[in-house]
Each structure stands twice: as structure tokens, then as C-alpha cells.
Amino acid sequence: MKPTDTSNPDYFHRVVDCQWACPAHTDVPEYIRLIAQGRLTDAYMVNRESNVFPGILGRVCDRPCEPACRRGRVEDKPVAICRLKRVAADLKRDFKDRLPIIPAAKNGKRVACIGAGPASLTVANDLMPLGYEVTVFEALRSPGGLMRANIPAFRLPAEVLDNEIGVIVGMGVDLRLGHRVDSLAGMLAEGWDAIFVGSGAPHGKDLKLPGRDECAANIHIGIDWLGSVAFEHIDKIGERVLIIGVGNTAMDCCRSSLRLGATEVKVMARKPRDFFKASEWELEDAEEENVEIIVNHSPTEFVMEGGRLAGMRFEMMEYELDDAGGIVSQRVTGERVIPCDDVVLAIGQENAFPWIERDLGVEFDKWDVPVVDSATFQSTRPEVFFGGDSAFGPKNIIWAVEHGHQAAVSIHKHCHGQSVEERLPVTMNLSSRKMGIHEWSYKNDYNPAERRLMPHVSLAERFKKLNVEVELGFTAEQADAEVQRCLNCDIQTVFTDHLCIECDACIDICPTDCLTIIRNAPEDELRQRLKAPADNPDQQLFVSGPLKHTSRVMVKDENLCVHCGLCAERCPTAAWDMQKTHFDFPYATDEDEACRSRKLRSA
Amino acid sequence: MSYMRKPKIVHPGLKKNALGLTRRDYEGAMSTLCAGCGHDSITAGIIQACFELSVEPHRVAKVSGIGCSSKTPAYFLSASHGFNAVHGRMPAVATGANAANPDLYYIGVSGDGDSLSIGLGQFCHAMRRNLDMLYIIENNGVYGLTKGQFSASADVGTKAKKGETNEQPPIDPVLTALALGSTFVARSFSGDKEQLVPLIKAGLKHKGFALIDVLSPCVTFNDHEDSTKSYAFTRQHYHPALEADFVQPADEIMADYDAGAAIEIDLHDGSRIMLRKTAPDYDAQNRGLAFAYIKDKLRLGEYLTGLLFVDEDGRDMHAVNQTVSQPLNSLDWDAVCPGSSAMPGILSRYS
């Protein structure tokens, strides 16, 4: 293998699994350390820089960071990253003085954002400090998009939304509520310098089966129904409810039903549990509330009796799986009717743009989805940008935030006549954590504590009102224990090959057998010959240059390194050092000369 | 030394041996030696060898004297027996322990000071008695614990860290052992575990006194440019004469040996050592030729390494003295102490 080029920020970035997995590249280890030090407002601000909505995401993020967390490979359970984010958000102090200054003199550029969801709000958040006049159009009577309409208040309280959205609106955003945009041509005619489409994927899929039209009064489209619940147009449902689908929307639907008077809620799945789309923790939360999840039932008919919905007919399925868990074949083993009063369909959603005229130069592909550049978020009409679910279909909040950041960069460049393709690179800083002999400026003691469990409001209490937040948040003791589980993956093991005397000290001491000094070979061969086989191909191998005594190379399998620093501690020549990485991800403000020099001065 | 603890966490795919133990189960306390000390590598080699042999930790007695090397038994096999003796007196303690219980593996760890200076007499007599033990000398040429004075193994012409040159000829433990009739003589290097670990395994299984002289650089006092026991110098001047593979009784011989190039040596318990020559005119079973060859190479400044001499037919201390083969602690009290009525019978042997 060629020596690893660690000057490429991607190498060390990938080592920080959580940050690499986060679409917005939240600096997780850094904010967890700040929480550990009691610097909760600082932790909140580290979060806010990348993900903008720490309080919201600390409750309802899809958490791609957690399955990626190295702790989950070394032990069983990852660090409760999302819960810790909420700790910082709930307990932060006033941070108004740390927000960017909004220039009184505007730069003369006007930007329209369509939809007040996380993507548009992020665009506004990034552009307001640059002097833009940003107008956000929202059809509903309050901002937040799906965060408001589709996520029930018992998971995400309105105050949390109001606070974090309020910070952005408070920057001077012109927020037009109850204003549905029904023509892009009309918007273009108004002469905006840029238009950002962040209108989400508001179209819930229907299930056209026999009886659908006859029973329409008791059949609800999941996301529309959740919206009606959120805005109090609906305040009750039948006693027996069937939810069709097992995504996260289905979980919100079943739990909302329980709070509107349903007593017997069943979630109906066509396939076995391994195929569920819902996050594991959302399934657990629903099951804790005694929702029954029934697998291998494929719906065939809405059954009507006496002029109203009486039940639903299902075929019972059987699947044959291969070793990889994929379905090889399926067969129907019988059928049954499950009686019910209401059915909620939660089988997916898609973006829909009936309001975009097709002759404006905004191209749509064969699936009728707008053609959007995946790096710049620009459409085929230069001043029109897309982001969030409207760009590439339903994803989640944290992706929408990242789309917003990138679109803001593009909008800024577009408005200043620069190429949107030419973007600043991600940069990296490394700084040693060595303070003296045996002194490191990070806590490197491996703490064997197990993952803390989120305390919940009692079942009796939580059903009394629709908006009782179920999750109570970590106690101080829980937060204190959980922060110690973080392995500090951003404190990197940095190797300088010409210093190594091949004494084997690091290899002997490494608790997880990450290191080997070996004759160089192709990657496949090296992976088999290391001290412990490197059998996780998703994780990188570090390979040094030839060592001076024997021309062998130092190889590190990054997979299970717990960043304890013992290699550096036991190295007599400081060939190993523990150095903290800090990555700079360019935002719109970094593209602006005036903002950049302000930032450099304050750093 | 380090103040950090080594995390208990292990690689989830860590192999287990026949006893269901991992290599980590053979570790001891955290080393307090200097970072980069060769001794720590030897410790890791002992851990690896005991793990691979599936040695039950409670069947091992670790013995040592005084010095950096003699601290190391604390850093491996924390579930074993141990005795940290007076300076240079480890062989006497080992002899006593072995006399009382021949059923344990005895691992003696000593240094060039402990074995070649203050304890030279003890060292010689343990070999002369062919005491059944593994005796490792962690040889760095200096007294590290007292800040780097030359030891009795320092080579002529080597320089101390502060510049003075050693003028006295060294005592070479390998030549000494050959001269005194040791039945297993090996030399290795702390930086070459591929060689060291099979030697430790073979030494543990050898019936009789097994000496391994391990060149083990002192990273603090003897790793500078003019030293002849530095990592750099050792790497340039050590020459494997023979590569020894250790094969346990149950194992098949997996390696591919050229016909005639491998010598198979059967050990007492059914395991085997496969010796592969890299020096064609070397004979590891001829004491006199081996002695001459090693001495010639030493004169040229070359350290010959590997299993340099082995004689599986030697009689160990118990065989020579016709002592009871069982551990004393497994005998009935009456057998150990037959009482005054047996006295006349014993005395009559001397009449």
C-alpha cells in the first residue's frame, strides 16, 4: 500500500465516525467534551454552527451518527449522542451576544425562500449575516415545515421549535405566514435575486384498494392527518385504529392515535421486522405504549359494513430469505379481516410541484423530479435553488440543514456573479494534546460505563394531553456518565515515520491490537496479516512510509482504536502523538471577504 | 513510566486458546519501565508464548532478582505465583522452589547485572545443576536502574551516554552457558518477536535449564549512536543462525521445509522444535563447534541469534538427585516427615 496521505482532511475526518456520518458534520466529540466541562452554552454553539437546530435535533434527529459511533463497535451500544445534544440545548444560557451581527446596511440582494422548513430557515440563517434581505413564504400559519406539522408535540414541544426558529426570524427575516406560493412564474416576475425552494415533500402516498373511495371518511393520509392533529383540526379518532406502514411517520401516527382516544392500535407491516424503515428507538417507544406491530400482512381491501369502514382485509405472507437477509421468494398463506374504525396510511411521501410551471427553464426528469445539482443545489435555471426534501425526496431534518448550508453558499456566489462550482475546500488543523510527560489535555481514561437510558413520563401521565413530552431528558448524573463514554475520536493518533525506532512499545501496549509493524503488501494481504485481522472494510488502514531501521511499515487499523493515547504515552521518541483535529467546513460567511476577516480577527 | 491504566476493553475478535483465555488474560500490571524499553517487548513475548501454549497461569512461578528486568514479572501473568528475590539470588530461590514442586513452569527473569555481576555464581550453578526452568536474561549492557553505568556485558569500545568508553571485556552469557553445560542456549532480540516467541515456547517446554539471552536496548541510557546495544546497532549486527519453529504435540507441521535443511528435535512432552539453518556450516547439537562458531562471529562483531545449542538428553536436577517426582505439597505428611522411627534407616545409608 502507498503511505497514507494524512494531509488530506478526509482521512482524519473519517476517523471521527460520528462527524463523518453527520450530513452537517457536527463536531460531536468537541461538544461532548464541552458538556463534560459544564460548558453547555459553548456546546450548544458548536452544535448550532453546523446543525442550526440543536434543541430540535436533540430530540428528533435521525441520528446517523449513532450507528456510526465507534463505541458501538468496541462495545455494544453507541454513545447517546442525540440525548447529549439535548442536554446542551435544554441547559444552555443566553447566547444572543454570540450570534452573528446582522448588518444594518443591506447588500441589496433579495432572496425568497419557499416553505419555512429546516432547509429554508438554514438558508436564512446563513445569508442574513451577509446583509441579504431574506423573505420566507409559508403556507401554514406557523413556521417549521414538517418539524411543526408532522412531528407530534409529545416528541417535539412547540416551545422548542418556537425558540430556535425565533432566533433565525429574529435576525430580521421577513416571514410571510399563511402565504401559499402557487406559481413560480409569478415569483420570478417579482425580480428576486435568488429563489430557494424548500417546500418539502408534502404529498402522502395513497393506497388505491377496493373500498378506498367508499370508506374515505375513515381513511387518512398519514402526514396530512398528523398536520391536522398538529393544527387542532382533528381532535379524535376511532377506538380501533390500523396504521398501514412501518416508517417513522407510522410511529408518529400510532402514538398520536393513542392520545386522541384510540385504545387498540395496530401497525400493519407487509414484511418482517428487519425490513422496517422506522428507527429502532421509535419502534421501541411505540411498543412501550402498547402499540401492536403485526408483520407479514399485505393489505388487499377496505371492508365496508353498514355504510362505513368496518375493517381491512389482509393477505398473510410468508417470505423465504437468503443468507444476507434478502427476500428470495414470497407466498400467500391465507387471509384475514382485522376490524377497525379508522385507517391511517403511512406508506411514504413524495415531493410534488404543481405550482412550478414547466416552461420556465426549471427542468424535471422522467420521474417528474426537478433536476438539481447534488453539490450546489442549483436547478437548471441559475437563480432557482432547491434543498431539503424538495431536492431529492424525503430524507430528514439534518440533511435538510446541510442542503440549506450548501445552497446558501451557492446563492451567495450566484448573487455576486461567481461560479457556484468553485467552492472553498474543507480545511483541517492538527494540534498536539501533549502538555508534558504523561500529561495530555484530554481525558483519555477509558470509562466502561454503559449507555444511559432516557427516562420517560409514565404511561398514565403522558396520555392525558396531546403535548406532554414523553422524553424527560437526561438527569445531571446521566449526562455526567454518558459524556465519559465518548472515545474522543477527534484526538487523532498521528505518526511520524522517521522518528520510529521500531521498539514495539506501541504494539505491545495497544489494548485493541490496532497496530502492527510489518513488511508492506497490498491492502487485502495486509488486512489479513495484521496483529488482529482488519475485517471491517469500511474502516481505513493507516500505512506509514518505510521505517528507517528495517524498511518495514507501521500499519494502523482505525476500526477499534479507542484513542486512549497509550501508543503515544509509551513511545520513547514521540513518533506517535495525540493531536486534535479541527475541521473547518466553509459556510456562506466564509465565502464573504468581510465576514472572513472578522472571523479571523476574533479567532 | 505511564500513569494511565490500560483499558480493560479488548478487540472483540481476539482469539481464545484451548483454555478459553485471550492473550489479554495473560497480562499483568501496567509497566513502570521507561517508554520504549526492550524489556516490555520481552514481557509481551512471554505473554504471547504462554497464551499460545495454553499454559494455565496458576501453573507458573515467576522468579526474579533486582534490576529493571527483575521488575517485569509484575507485568505479565498476574494470576501466577511469583518471588522477587535478593539481588542475584533468584537461582537459589528457583532451585528451592523447583526442588519442592517440579510440576510448575519456572520463568526466571534476570538482567545482565543480576546474572553476570552480583549473581554470576548463582547463575553458573543453576546451569550446572540443569535446573528445569526458563531463564531469560534481559541484556542491555548497562545498569539502568542506577542511571546507566556499564554492566559486565558491555562490549569493549562501547560508549556510555556521557562519553566514557568501556575497556573491560564482556562476559558473554551464551558462551558461559555453553561452557558450563547448559542444555538449551539461545540468543534473541527484543525487537524480533517472530524469533523470540517460539524460543520462549521451546524454552518453557525444554526439560532442563533453558537460557535465552535477549538483547534488550535500554532506551534511556544505552540507545545512543556509539552504543553497541542500541536498537539501531543491534538490528545491524544480529544474525539469525537458525530459525526455530516450535510445534506442539497436537499440531501438524504446517511450514514447508526444504529437504535436509530442517532438523527436528523432539522434546520431552511430545512437542517438537524444527530448526532451519540460515548459516549452512552451523551445528546446534555440537557444543564444541557451536562455541567456536559463536566466538568467531563475536570477534567479528556479529551477534548470532536463534536456538544456538540444544541437548534434549541432559538429566535435570531431579533426575541426578533421584528426588521424588511429585510435588511435596501433594504428599501425605507421613511421607514428607516419616518421624524419628525412620531415622535409623536413613543414617544406615551413611554407615
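A: Domain bounds here come from an automatic or database domain assignment. On that basis chain A has domain 1 (104-202 + 351-415) and domain 2 (204-349). The model is a predicted one.

Start with the two domains. Their centres, taken over C-alpha atoms, are 32 Å apart. Eight residues of domain 1 of chain A are in contact with 10 residues of domain 2 of chain A. On the domain 1 side of that contact, six residues are nonpolar, one is polar and one is charged.

Now the chain as a whole. Chain A holds 24 helices and 23 strands. Its radius of gyration is 27 Å, close to the 25 Å that the globule rule gives for 603 residues, so chain A is as compact as a globular protein of that length. Along the principal axes, the C-alpha atoms of chain A fill a box of roughly 90 × 65 × 50 Å. Of the 603 residues in chain A, 46% are buried. Consider also the contacts in chain A with a separation of 6 or more: 72% of them join residues 24 or more positions apart.

Next, the nonpolar core. The largest one has 177 residues. Those with the most contacts inside it are Ile35(A), Ala124(A), Leu127(A), Phe196(A), Ile243(A), Cys254(A) and Val343(A). Helix α17 (residues 397-415) of chain A gives this core its largest share, nine residues. Domain 1 and domain 2 of chain A each supply at least three residues to the core. Leaving aside neighbours within four places in sequence, Val343(A) is in contact with Asn218(A), Ile219(A), Leu242(A), Ile244(A), Phe302(A), Leu309(A) and Met312(A). There is also a second, separate core, of 70 residues. Among its members are Ile46(B), Leu77(B), Phe189(B) and Ile294(B).

One cysteine of chain A can be followed in detail. Cys22(A) sits in the loop between α2 (17-21) and α3 (28-36) of chain A. A residue is buried if 20 or more other C-beta atoms lie within 10 Å of its own. Cys22(A) has 25 C-beta neighbours inside 10 Å, so Cys22(A) counts as buried. Not counting residues up to four places away in sequence, Cys22(A) touches Pro64(A), Cys65(A) and Ile398(A). Gly436(A) is 414 residues from Cys22(A) in sequence, and the two are 34 Å apart in space, C-alpha to C-alpha.

Then the partner. In the contact between the chains, 29 residues of chain A meet 25 residues of chain B. On the chain A side, α20 (505-509) and α22 (566-569) each supply at least two residues. The most come from α20(A), with three residues. By class, the chain A side has 16 nonpolar, five polar and eight charged residues.

Last, a helix pair within chain B. Helix α3 (residues 90-100) and helix α5 (residues 120-128) of chain B pack at an angle of about 35°, with their axes 8 Å apart. From α3(B), the contact uses Pro91(B), Ala92(B), Ala94(B) and Thr95(B). From α5(B), it uses Gln122(B), Phe123(B), His125(B) and Ala126(B). Five residues of this contact are nonpolar, three are polar and none is charged.

Definitions and conventions:
Residues are numbered from 1 along each chain as its sequence is written. Chains are lettered from A and ligands numbered from 1 in the order in which they are written. This is a predicted model: local features need pLDDT of at least 70, side-chain atom pairs count only at pLDDT 80 or more; totals for chains, interfaces and linings use all residues. Two residues are in contact if their C-beta atoms, placed from the backbone, lie within 7 Å. Helices (H or I, at least four residues) and strands (E, at least two) are DSSP runs, numbered from the N terminus. Ala, Val, Leu, Ile, Met, Phe, Trp, Tyr, Cys and Pro count as nonpolar, Asp, Glu, Lys and Arg as charged, and the others, Gly among them, as polar. The radius of gyration is taken over C-alpha atoms; the globule rule is 2.2 Å times the number of residues to the power 0.38. A residue is buried if 20 or more other C-beta atoms lie within 10 Å of its own, exposed if 12 or fewer, and partly exposed in between; C-beta atoms are placed from the backbone. A nonpolar core is a set of buried Ala, Val, Leu, Ile, Met, Phe, Trp, Tyr and Cys residues joined through C-beta atoms within 7 Å. Axes are lines fitted to C-alpha atoms, for helices over the stretch in contact, and angles run from 0 to 180 degrees between N-to-C directions.
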